[in-house]
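Please check each one against the structure as you go.

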Amino acid sequence: MSSETALSIENLSKHYSNETVLRDISLDVETGEFCVVMGPSGSGKSTLLQSIAGLIEYEGTIRINGTPVETVPVEERDLGYVFQEFEDALFPHKTVFENVAFGLHQQDADYTQSEIDERIDEVLELLAISHTRDDLPTELSGGQQQRVELARQLVRECDIVLLDDPLADLDYKLQKRMELEVRQIQEEMNSTFVYVTHNQDQALKLADKLVILNQGRIEQIGHPEEVYYEPASAFVGQFVGDSNGFIGNATHGGDDTVAVETEIGEMSARVQGDDIDPNQRSITIVRPEDVGFGDAAVGLDNVYEATFVDWTYMGRETEYAFEIEGLDYAIRSIKDGTPTIGNETIGESISIGWDKADTLCFSTLSSASTATVETLMEV
Ligand code: ADP
C-alpha cells in the first residue's frame with residue numbers, strides 16, 4: 001500500500017450461511033484511479049461494493065486512506081454510492097436542485113447557502129443538466145435522472161465513489177454517451193471510482209485498473225490491455241473479449257511455446273501462465289481479429305483447411321464464420337471494413353490461419369477450483 005492508496009482491501013471474505021460469496025480478496029485502488037470490477041452475474045461484484053460501503057459484515061480488512069474502515073461509523077465514511085436502480089434513489093417531490101442539495105446536507109459540513117448554490121450549480125453544469133435545476137425527477141428522462149443521482153454523489157466530493165452498474169438500465173446510445181461523460185467527470189474531479197459492471201465494452205473502455213471476479217475470487221488485476229492480451233487464466237481469456245477456443249493436450253515445447261494436439265490438428269501456441277505439463281489438457285484461444293483467411297492465411301504458423309459458412313456485416317467490421325471437420329462450432333474471424341467474400345463463396349473451401357504469437361494455451365484454467373475445460377468452453 002502506498003501513500004497514494006485510496007482503498008486497500010486485504011483478505012476480504014464473505015459467507016452467507018453455507019455459501020462463500022467472496023474469497024480472500026486483496027486489492028489496492030490508488031487515489032484518482034478508475035477501477036472497474038467485472039465478472040459474470042453472481043460472481044460477488046455487488047457484495048464487494050456493499051462490503052466497502054460498510055453495508056454488510058465481512059472478514060478481512062478494508063482501509064480508506066490508510067484508516068481501517070471498521071473503526072469508522074458507516075455514516076462518517078466519506079463514500080458515494082451510485083446504484084443501478086436510480087429511480088428509487090431520487091426524491092420524487094424534490095426538485096433536481098433539492099435532490100442534489102440533499103447529498104450535501106448528508107455530510108456533516110457547515111456550508112453557507114451561497115457555497116451550496118455554487119457547488120450544486122458547478123456539478124449540474126459538469127453533468128450538462130443545469131437546465132433541469134428546478135424540475136422534478138419525474139419530468140426527466142432516464143439518462144437525466146441518472147445524471148442527477150451522479151450529481152448527488154459527486155457534489156459531496158467523497159474520497160471514493162462506488163458505482164454499481166450505473167448505466168445498465170439506459171438505452172444503448174445513451175449508455176455510450178454517458179460512459180464518456182462519466183470518465184471525463186472522474187478525471188476532472190480526480191475522484192477515486194470503484195465501478196462494477198458486467199459490460200465488457202464499458203469495462204475495457206473505462207478502466208485504469210480492471211479486476212476480473214469469478215465465483216468470489218479474483219482471476220486477474222491489470223490494465224485493460226494486459227487483461228485482454230495477456231489473460232492470466234483460460235476463464236479470463238474466454239470471458240473478456242471474443243475468442244475461438246480449442247481443447248487439446250499440450251504435447252511438447254520450449255519454456256514459453258508448446259505444440260497442442262487439438263480437435264482440428266496440431267497448433268503452435270504461446271504458454272500463458274506458468275509452465276505447462278506435458279500432456280496437460282487445456283484450452284487454447286485465438287481472438288477473431290487474429291484469424292486470417294484466403295491469401296492472408298498464407299505463411300501463418302497455424303493453417304487449416306476450412307469451409308466458409310457465413311458472414312455478417314456489422315457496420316465498421318465484418319464477421320466471417322468457417323467450419324472445420326472435427327469441430328462442432330464455427331471459427332470466427334473479424335476484419336475491418338465491408339465484406340471481402342460473401343454469398344457467392346459460401347460452401348467453398350478456404351485456408352484459414354493464425355500466428356503462434358496470437359495463440360494462447362493456458363496452464364491455469366481458473367482461480368475457481370470447480371472449473372473444468374468443458375465448463376470454461378461455455379463461458
Ligand atoms: P453480482 O453482483 O456479481 O451479480 P452478488 O454480489 O449480487 O453478485 O451475489 C453473489 C452471490 O451472493 C450470489 O450467489 C448471491 O445469491 C449471493 N448473495 C448476495 N446477497 C445475498 C444475501 N443477502 N443472502 C444470501 N446470499 C446472497
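1. Strand β4 (residues 59-64) is joined to β5 by two bridges, and these strands run antiparallel; Ile64 stands opposite Thr67 in β5. Strands here are DSSP runs of E of at least two residues and helices are runs of H or I of at least four residues, both numbered from the N terminus, while two strands pair if DSSP finds at least two bridges between them. Both strands belong to an open sheet of four strands, ordered β2-β1-β4-β5 with antiparallel pairing, whose edge strands, β2 (19-30) and β5 (67-68), each pair on one side only.

2. On the basis of the model: this is a predicted structure, in which local features need pLDDT of at least 70 and side-chain atom pairs count only at pLDDT 80 or more, whereas totals for chains, interfaces and linings use all residues. Residues are numbered from 1 along each chain as its sequence is written, and side-chain values use heavy atoms, with hydrogens and water left out.

3. The chain is assigned domain 1 (5-229) and domain 2 (234-376), with bounds that come from an automatic or database domain assignment. The C-alpha centres of domain 1 and domain 2 lie 37 Å apart. In contact across the boundary (heavy atoms within 4.5 Å) are 16 residues of domain 1 and 15 residues of domain 2.

4. How much area do domain 1 and domain 2 bury between them? The value is about 1,300 Å², of which 54% is on carbon and sulfur atoms; buried area is the accessible area (1.4 Å probe) that two parts lose on being put together, summed over both. Of the area that domain 1 buries against domain 2, Gln200, Glu219 and Tyr228 supply 40%, more than any other three residues.

5. Between domain 1 and domain 2 there are 10 residue pairs in polar contact, both residues being at pLDDT 80 or more. A polar contact is a pair of N or O atoms within 3.5 Å; within protein, one must be able to donate a hydrogen and the other to accept it, and residues adjacent in sequence count only if both atoms are side-chain atoms. The side of domain 1 that touches domain 2 draws at least two residues from each of α7 (200-206), β9 (209-214), β10 (217-222) and α8 (224-229), and its largest share, four residues, comes from β10. By class, the residues of that side divide into nine nonpolar, five polar and two charged, where Ala, Val, Leu, Ile, Met, Phe, Trp, Tyr, Cys and Pro count as nonpolar, Asp, Glu, Lys and Arg as charged, and the others, Gly among them, as polar.

6. Strands β9 and β10 run antiparallel and are joined by five bridges, with Arg217 in β10 as the bridge partner of Asn214. Their hairpin has two residues between the strands, and Gln215 there takes a positive phi near 50 degrees.

7. Arg147 forms a salt bridge with Glu181, their closest N and O atoms being 2.8 Å apart. Arg147 lies in helix α5 (residues 142-154) and Glu181 in helix α6 (residues 172-189), so this pair ties together parts that are 34 residues apart in sequence.

8. An open sheet of five strands has the order β15-β19-β16-β17-β18, with antiparallel pairing, and its edge strands, β15 (292-293) and β18 (331-336), each pair on one side only. Two bridges join β15 to the antiparallel strand β19 (residues 349-354), where Phe293 stands opposite Ile352. Strand β16 (residues 302-313) is joined to β19 by six bridges, again antiparallel, and Ala306 has Ile350 in β19 as its bridge partner.

How values were computed:
A salt bridge is a side-chain nitrogen of Lys or Arg within 4 Å of a carboxyl oxygen of Asp or Glu.
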